[in-house]
Amino acid sequence: MHWNVVAKNFDYLLIGAYPKGPLGGLAVTVLLAIGGIFGAFWLGLGVGLLRMARKRWLRWPAMVYIEIIRGTPLLMVVFWFYFLAPVLLGQTLPEAQSALIALIVFTSAYIAEIVRAGVQSLPKGQMEAARGSGLSHAQAMTHVILPQALFNMIPSFVNQFVSLTKDTSLAFIIGVSELTKAATQINNRTLTAPTEIFITVALLYFAICFCLTEFSRRLERRINRFQARTR
């Protein structure tokens, strides 16, 4: 076994061995995951609410968006933004920016369906009671329905965000110096310890996903304790 090779290059896996920019490796993976999670949540929440709108001119575009994106592999979405952006915008997007936009757009379609399922899982009497108290549909959705539904969505959100974190490895295909590409560069340079290098990469991905899952569990426990005190 050649674990000494991993030890010598471990800092490269963390911050990037041979990046095109100032960051690489695990740092770029974490930044892509955080940016993707934040962007996908808000875009998915907006699309999900539009998906449930009563007006067709709002509902149908959201439905088309969701179905097209969910029916397309993530790798193709990455290629769309990387190769079509120069044609549509007249300029080339940086590789990391293209990958981030693709992750946000792809994941938001799944978040939108989670939002729709979470809202529709609540009893219809919740909306009727809110409307009966004098709230408009938008106010009832904002102050009554969404707070309850979002709590029920936490496990699904976490599953989707863990999947997004692992999907950042596909940024490798367009040259983003994230964790997988950094490991490949180290392996191509040393050519002696591919097993050890990629086992280390797998453990780093696991550590990120485990931390995210554990955070969600603690958040759920805190919310449960808060709700128990307010009853």
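These notebook entries record what I looked up in a predicted model of one protein chain.

**Entry 1. Overall make-up.** I began with the secondary structure. The chain holds 9 helices and 0 strands, and along the sequence I read the pattern as α-α-α-α-α-α-α-α-α. I then looked up burial: 41% of the 231 residues count as buried. For contacts between residues at least 6 apart in sequence, I noted that 72% join residues at least 24 apart.

**Entry 2. Helix 5.** I checked the length of helix 5, which covers residues 95-120. At 1.5 Å a residue, its 26 residues should span 38 Å, and the end C-alpha atoms are 38 Å apart, so the two values agree. I also looked for a bend and found a kink of about 25° in helix 5, centred on serine 108.

**Entry 3. Nonpolar cores.** Which residues have the most contacts inside the largest nonpolar core? I listed Ile111, Val115, Val119, Met141, Ile145, Met153 and Phe157, in a core of 20 residues. At least two residues of this core come from each of helix 2 (25-51), helix 5, helix 6 (124-132) and helix 7 (137-167). Helix 7 gives the most to this core, namely 9 residues. Apart from this core I found another, of 16 residues, which includes Tyr82, Val105, Ala171 and Val176.

Setting aside neighbours within four places in sequence, I found methionine 153 in contact with Ile114, Val115, Gly118 and Val119.

**Entry 4. Largest pocket.** I looked up the volume of the largest pocket, which is about 350 Å³. Its lining consists of Met52, Arg54, Val119, Gln120, Leu122, Pro123, Lys124, Met127, Glu128, His137, Met141 and Ile145. Helix 5, helix 6 and helix 7 each supply at least two residues of this lining. I noted that Val119, Met141 and Ile145, listed here in the lining, are also among the residues with the most contacts inside the largest core.

**Entry 5. Glutamine 120.** Is glutamine 120 buried or exposed? Its relative accessible area is 51%, and exposed means over 50%, so glutamine 120 counts as exposed. I placed glutamine 120 in helix 5, and it is one of the residues that line the largest pocket. Last, I looked up its separation from methionine 52, another lining residue. Glutamine 120 and methionine 52 are 68 residues apart in sequence, and their C-alpha atoms are 9.2 Å apart in space.

Terms used: Residues are numbered from 1 along each chain as its sequence is written. This is a predicted model: local features need pLDDT of at least 70, side-chain atom pairs count only at pLDDT 80 or more; totals for chains, interfaces and linings use all residues. Side-chain values use heavy atoms; hydrogens and water are left out. Helices (H or I, at least four residues) and strands (E, at least two) are DSSP runs, numbered from the N terminus. The expected span of a helix is 1.5 Å times one less than its number of residues. The bend at a residue is the angle between axes fitted to the seven residues ending there and the seven starting there. A nonpolar core is a set of buried Ala, Val, Leu, Ile, Met, Phe, Trp, Tyr and Cys residues joined through side-chain atoms within 4.5 Å. Buried means under 20% relative accessible area, exposed over 50%, partly exposed in between (1.4 Å probe, protein chains only). Contact means heavy atoms within 4.5 Å. On a 1 Å grid over the protein atoms alone, a cavity is a set of points where a 1.4 Å probe fits but cannot get out, and a pocket is an open set with protein on both sides within 12 Å along at least five of seven lines; lining residues have an atom within 4 Å of a point. Grid points are joined across faces, edges and corners, and a volume is the space filled by probe spheres set on the points.
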